[in-house]
Amino acid sequence: MREGRLHAVLTAVIDVIWAGLLWLFCSLPVLTLGASSTALYYAVVKCIRHERGSLTKSFFRAFRENFRQGTLLWLLLVLYVLIGLTNAYALGSMGIERGSALYYLVRLLLLLPLLLFPWLFAFLSRFQNSLGGTLKFSAYLALRHFGVTLLLAAELAGFGLIVWLIPPLLPLLPGVLCLLMSLSIEPVFRPLTADQNEGDAWYNE
């Protein structure tokens with residue numbers, strides 16, 4: 001009995017690390033980070049949490065199917081941040097004081113992608129929608145479940161801090177972070193998928 005449990009735990013640990021390595025490999029061009037994040041969430045929830053299907057096959061299937069939207073959504077987030085940084089630099093050049101409301105507002109708006117990122121690619125991995133529809137519904141979920149959103153943002157920021165302090169941990173952590181985030185996201189998704197009985201509805205188990 002104990003050997004069986006130990007084997008299951010070791011298998012899950014290896015799968016989580018492997019999923020993170022797949023994400024890292026597919027994110028290397030940077031432009032594909034959105035598609036790889038979508039594939040990571042899909043593969044982790046389906047293959048590790050629900051133990052359904054092949055992790056590698058599920059990852060690359062989700063990567064291919066969501067490549068276009070995932071890449072476009074990621075580029076939109078990057079463009080938003082670049083515009084925000086440009087505005088912040090311009091305000092600094094204009095002599096806007098550090099303690100002014102406008103100074104803090106511009107920097108606060110730069111945090112929006114951090115709040116939206118987890119919902120956006122998790123939603124894309126599960127649901128079919130237009131680009132605008134995915135953005136709108138992800139924003140709705142982020143606001144509707146704001147406490148969860150803050151927790152997800154803290155986890156994402158913590159991941160970034162750990163990697164910044166200990167770069168060699170980067171290959172080991174993406175799968176762990178995704179698994180941790182799914183514990184908060186999946187309870188929100190479950191009511192949305194409760195009436196979906198198409199195909200192999202593993203997500204309702």
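1. Let's start with a cut-off: a residue counts as buried when its relative accessible area is under 20%. Cys47 comes in at 8%, so it is buried. This is a predicted model, by the way, so please read everything below as computed from that prediction.

2. Staying with Cys47 for a moment: the residue belongs to helix H2. Leaving aside residues up to four places away in sequence, Cys47 touches Arg52, Gly53, Ser54, Leu55 and Ser58. I also looked at Ala19, which is 28 residues from Cys47 along the chain; the two C-alpha atoms are 9.9 Å apart.

3. On to the overall layout. The chain has 205 residues, and 41% of them count as buried. Take the contacts with a separation of 6 or more: 70% of those join residues 24 or more positions apart. The accessible surface is about 11,900 Å², with carbon and sulfur atoms owning 69% of that.

4. Have a look at the nonpolar patch on the surface. Tyr80, Leu105, Leu108, Leu109, Leu111 and Leu112 make it up, and together they have about 520 Å² of accessible area. Helix H5, residues 101-109, is the top contributor with 3 residues. Leu112 sits in helix H6, residues 112-126. How exposed is Leu112? Its relative accessible area is 40%, so the label is partly exposed.

5. Next, the largest pocket, with a volume of about 690 Å³. It is lined by 28 residues, and those closest to its centre are Trp23, Leu33, Ser37, Phe117 and Leu156. Helices H1 (2-27), H2 (33-49), H4 (67-93), H6, H8 (146-165) and H9 (174-193) each give two or more residues to the lining. Which element gives the largest share? That would be H6, with 6 residues.

6. Ser184 deserves a line of its own. You'll find this residue in helix H9. Buried or exposed? Ser184 has 16% relative accessibility, and the cut-off for buried is under 20%, so it counts as buried. Beyond residues up to four places away in sequence, Ser184 touches Val148, Leu151 and Leu152.

7. Two backbone spots I'd flag for a look, both about phi. Most residues other than glycine have a negative phi. Val30, not a glycine, has a positive phi near 70°. Val30 is in the loop between H1 and H2, and with 47% relative accessibility it counts as partly exposed.

8. The other spot is Glu51. This residue is not a glycine either, yet its phi is positive, at about 55°. Where does Glu51 lie? In the loop between H2 and helix H3 (55-65). Its relative accessibility is 67%; the cut-off for exposed is over 50%, so Glu51 counts as exposed.

Definitions and conventions: Residues are numbered from 1 along each chain as its sequence is written. This is a predicted model: local features need pLDDT of at least 70, side-chain atom pairs count only at pLDDT 80 or more; totals for chains, interfaces and linings use all residues. Side-chain values use heavy atoms; hydrogens and water are left out. Buried means under 20% relative accessible area, exposed over 50%, partly exposed in between (1.4 Å probe, protein chains only). Contact means heavy atoms within 4.5 Å. Accessible areas come from the Shrake-Rupley method with a 1.4 Å probe; for residues, only the protein chains shown count as cover. Patches are made of residues with over 30% relative accessible area and no salt bridge: like charges are joined within 9 Å, nonpolar side chains (Val, Leu, Ile, Met, Phe, Trp, Tyr) within 5 Å. A salt bridge is a side-chain nitrogen of Lys or Arg within 4 Å of a carboxyl oxygen of Asp or Glu. Helices (H or I, at least four residues) and strands (E, at least two) are DSSP runs, numbered from the N terminus. On a 1 Å grid over the protein atoms alone, a cavity is a set of points where a 1.4 Å probe fits but cannot get out, and a pocket is an open set with protein on both sides within 12 Å along at least five of seven lines; lining residues have an atom within 4 Å of a point. Grid points are joined across faces, edges and corners, and a volume is the space filled by probe spheres set on the points.
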